[in-house]
Amino acid sequence: MRLILIGPPGVGKGTQSALLSSRLGVFPLSSGEIFRKEIEAQTDLGRLANSYIKHGELVPNGVTIEMMAKRLREPEVRKKGFILDGFPRTTRQADALDEILEEMDLPLSGVVSLEAPEELIVRRLSGRMGCTQCGAIYHSINKPPRREGFCDVCNSPIVVRSDDQPETIRERLRIFKETTAPVVEHYQAKSMLTRVDSTQDPEEVYAAILNALK
Ligand SMILES: [Zn+2]
């Protein structure tokens, strides 16, 4: 399977990526994971990427594409397939990816856009709280701590991160929509895109994704 999974924060992309990779043995590839790997291995590309990340700047397209290409060419990834998450983020990256895969003779199985109404996503994300000490994550509805306001693991105070404030979430969703829309159109124009309703339960979403790839 060679899949691109597109979806805003909070839509359940991480859950699906984990299900697909653990059940089907495909590699989940996100740009974050690939950056970390290259940086840890202290490759030239890793050092270059890190020089941007350290200064809070975006890693340039060219560097991201080169790192992604390197990972896609690894024999194990070629053999078992992949789920791309967070890449391609721009049409330039999408064009580059098309070229790389064509050159490797590895066509995509499909592109899935996970979708849910903004209100639902805001509700899901805004209940999130994190421990100030150990980083454990809680949710006011889905996973409340045993003692309100305190971590089950280490008893430290838990707080809503600034990233998870409703206004910040709306802004992140707006930016996601704006930057991703051209990528969605790119694959729609190639008749490769399937939209999947991500308000269903995770197993139903999983089945819908597999169905989209048939
Ligand atoms: Zn804790």
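I began with N155, which counts as partly exposed because it has 13 C-beta neighbours inside 10 Å. My cut-offs, with C-beta atoms placed from the backbone: 20 or more other C-beta atoms within 10 Å is buried, 12 or fewer is exposed, and in between is partly exposed. The model is predicted, so I noted the limits: local features need pLDDT of at least 70, side-chain atom pairs count only at pLDDT 80 or more, and totals for chains, interfaces and linings use all residues. Residues are numbered from 1 along each chain as its sequence is written.

**Backbone**

I found N155 in the loop between β6 (137–139) and β7 (158–159). Helices (H or I, at least four residues) and strands (E, at least two) are DSSP runs, numbered from the N terminus. Phi of N155 is near 70 degrees, a positive value in a residue that is not glycine.

I then looked up Q42, in the loop between α2 (31–40) and α3 (44–54). Its phi is near 50 degrees, again positive in a residue other than glycine. Q42 has 10 other C-beta atoms within 10 Å, so I logged Q42 as exposed.

Which residue does a cis peptide bond join to F87? The partner is P88, and omega is about 0 degrees. P88 sits in the loop between β3 (82–85) and α6 (91–103).

**Parallel sheet**

I traced an open sheet of five parallel strands, in the order β2-β3-β1-β4-β8. Strands pair if DSSP finds at least two bridges between them. β2 (27–30) and β8 (193–197) are at the edges with a single partner strand each, so one side of each has no neighbour in the sheet. From one strand to the next the twist averages 25 degrees.

Strand β4 (residues 110–115) runs parallel to β8, and five bridges join them. E115 stands opposite D197 in β8. Helix α9 (residues 202–212) packs on this sheet and touches β4 and β8. The direction of α9 makes about 165 degrees with that of β8. I took axes as lines fitted to C-alpha atoms, for helices over the stretch in contact, with angles from 0 to 180 degrees between N-to-C directions. Helix α1 (residues 13–24) lies across β1 (2–6), β2, β3 and β4, at about 170 degrees to β3.

**Cores**

Which residues have the most contacts inside the largest nonpolar core? They are L5, I83, L84 and V112, in a core of 33 residues. A core here is a set of buried Ala, Val, Leu, Ile, Met, Phe, Trp, Tyr and Cys residues joined through C-beta atoms within 7 Å. A second, separate core of five residues includes M129, C131, C151 and I158.

**Antiparallel sheet**

M129 stands opposite Y138 in β6. Strand β5 (residues 128–131) and β6 pair in the antiparallel sense over three bridges. The open sheet has three strands in the order β6-β5-β7. β6 and β7 are its edge strands, each pairing on one side only.

**Helix pair**

I checked α3 against helix α4 (residues 61–72): their axes come within 10 Å and cross at roughly 145 degrees. L45, L48 and A49 in α3 meet V63, E66 and M67 in α4. Contact means C-beta atoms, placed from the backbone, within 7 Å.

E103 lies in helix α6. I logged E103 as exposed because it has 10 C-beta neighbours inside 10 Å.

Definitions and conventions
Two residues are in contact if their C-beta atoms, placed from the backbone, lie within 7 Å.
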